[in-house]
Each structure stands twice: as structure tokens, then as C-alpha cells.
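My entries are below, in the order I made them.

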Amino acid sequence: MIGKGIEAGKSSGDITQHAEILAVKDALANGHGDLLSQAVMFSTHEPCLMCSYLIRHHRIPKIVFAVSVPFVGGQSSDFKILETETVPKWGQKPSIESGILKEECERLNQAFTAYLLQQKK
């Protein structure tokens, strides 16, 4: 593992604190920026448009996630940042595996949402 991140966008109120962004920042802070182009990124959710741009910028070649995010996902939305090959600097699109441990990740998401609701009370 060259970097890790835990979702903090909702809990911190800072939308840039997505797990994928934090994982890449951690890899960079650990001196592993040169390994990102050989890495596999694992995530509970499909990377959003913002995270997908980051993935393409660093040329991460493989993405594995459980739950799709249809309106803002980098693969399943109308804005297919993870699939396009029209941006010359991005090179080849990453391979993508989805639906991995989907039920388990959906349960984690439900627990996290319930936790956030409790914190607001």
C-alpha cells in the first residue's frame, strides 16, 4: 500500500476530502508519486468526477470499486472521465472492475450515513 484515504468530505464539510484524493495525497507525501502510474486504486464507491480527474492526471492504471454513482461518477455518469481517451496527456484509460463486495460496501455506506445523521442531532 503506497497511500490510503478515508472519506471525510461529508464529515468535514470540505468536498475535496474524498478518500481517493486523500489516498493520492498520502502516496505523494510518502514519496511514492512515481508509483501511482503502476498502482491499483480500491474504493467503496465509483470515483466521482473530481477524483476521476485526479486518477487520470496521475495515470493510475486500474480502479476497483463496489458501488456506482450514476449522476457524478467518472464512469457511469454522462461525463465519462475514466473512459475517455481524447485527452492526450492522460494516455490510455484505466481498467475498471465494479461491483466488488457491493452489498458489504452498501452496508458501510448506510452505517456512515446513520452516523452522520446522529452527529447532527
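These are my notes, entry by entry.

**Ground rules.** The model is predicted, so I took local features only at pLDDT of at least 70 and side-chain atom pairs only at pLDDT 80 or more, while totals for chains, interfaces and linings use all residues. Residues are numbered from 1 along each chain as its sequence is written, and side-chain values use heavy atoms, with hydrogens and water left out.

**Entry 1: strands.** I began with the strand pairing. Helices (H or I, at least four residues) and strands (E, at least two) are DSSP runs, numbered from the N terminus. Two strands pair if DSSP finds at least two bridges between them. E1 and E2 pair in the parallel sense, over 5 bridges. The chain gets from E1 to E2 through H3, and this β-α-β crossover is right-handed. Right-handed means that, with the strands pointing away from the viewer, the path from the first strand over the helix to the second runs clockwise. I then looked up single partners. Met 41 stands opposite Ile 63 in E2. Phe 42 has Val 64 in E2 as its bridge partner.

E2 also pairs with E3 in the parallel sense, here over 3 bridges. Ile 63 has Ile 96 in E3 as its bridge partner. I checked how covered E2 is. Of its 6 residues, 5 are buried. Buried means under 20% relative accessible area, exposed means over 50%, and partly exposed lies in between (1.4 Å probe, protein chains only).

**Entry 2: Ser 43.** This residue lies in strand E1, residues 40–45. Its relative accessibility is 15%, so I count Ser 43 as buried. I listed its contacts (heavy atoms within 4.5 Å). Leaving out residues up to four places away in sequence, Ser 43 touches Glu 20, Val 64, Phe 65 and Ala 66.

**Entry 3: Leu 54.** I looked at H3 through Leu 54, which is found in that helix. Leu 54 has a relative accessible area of 18% and is buried. Leaving out residues up to four places away in sequence, Leu 54 touches Glu 20, Ile 21 and Val 24. Leu 54 and Ile 21 are 33 residues apart along the chain, and their C-alpha atoms are separated by 7.2 Å.

**Entry 4: salt bridges.** I searched the whole structure and found 1 salt bridge. The term means a side-chain nitrogen of Lys or Arg within 4 Å of a carboxyl oxygen of Asp or Glu. The side chains of Glu 97 and Lys 62 form it, at 2.6 Å, N to O. Glu 97 lies in strand E3 (residues 95–97) and Lys 62 in strand E2 (residues 62–67), so the pair ties together parts that are 35 residues apart in sequence. Glu 97 is partly exposed at 33% relative accessible area. Lys 62 is partly exposed too, at 27%.

**Entry 5: Glu 46.** This residue is found in the loop between E1 and H3. I did find the backbone nitrogen of Gln 75 at 2.7 Å from a polar atom of the Glu 46 side chain. Leaving out residues up to four places away in sequence, Glu 46 touches several residues, among them Glu 20, Phe 65, Pro 70 and Gln 75.

Entry 6: Arg 59 has a positive phi of about 55 degrees although it is not a glycine. Arg 59 lies in the loop between H3 and E2. Its relative accessibility is 42%, so Arg 59 counts as partly exposed. Leu 101, not a glycine either, has a positive phi of about 55 degrees. Leu 101 sits in the loop between E3 and helix H4 (102–120). At 54% relative accessibility, Leu 101 counts as exposed.

Notes
A polar contact is a pair of N or O atoms within 3.5 Å; within protein, one must be able to donate a hydrogen and the other to accept it, and residues adjacent in sequence count only if both atoms are side-chain atoms.
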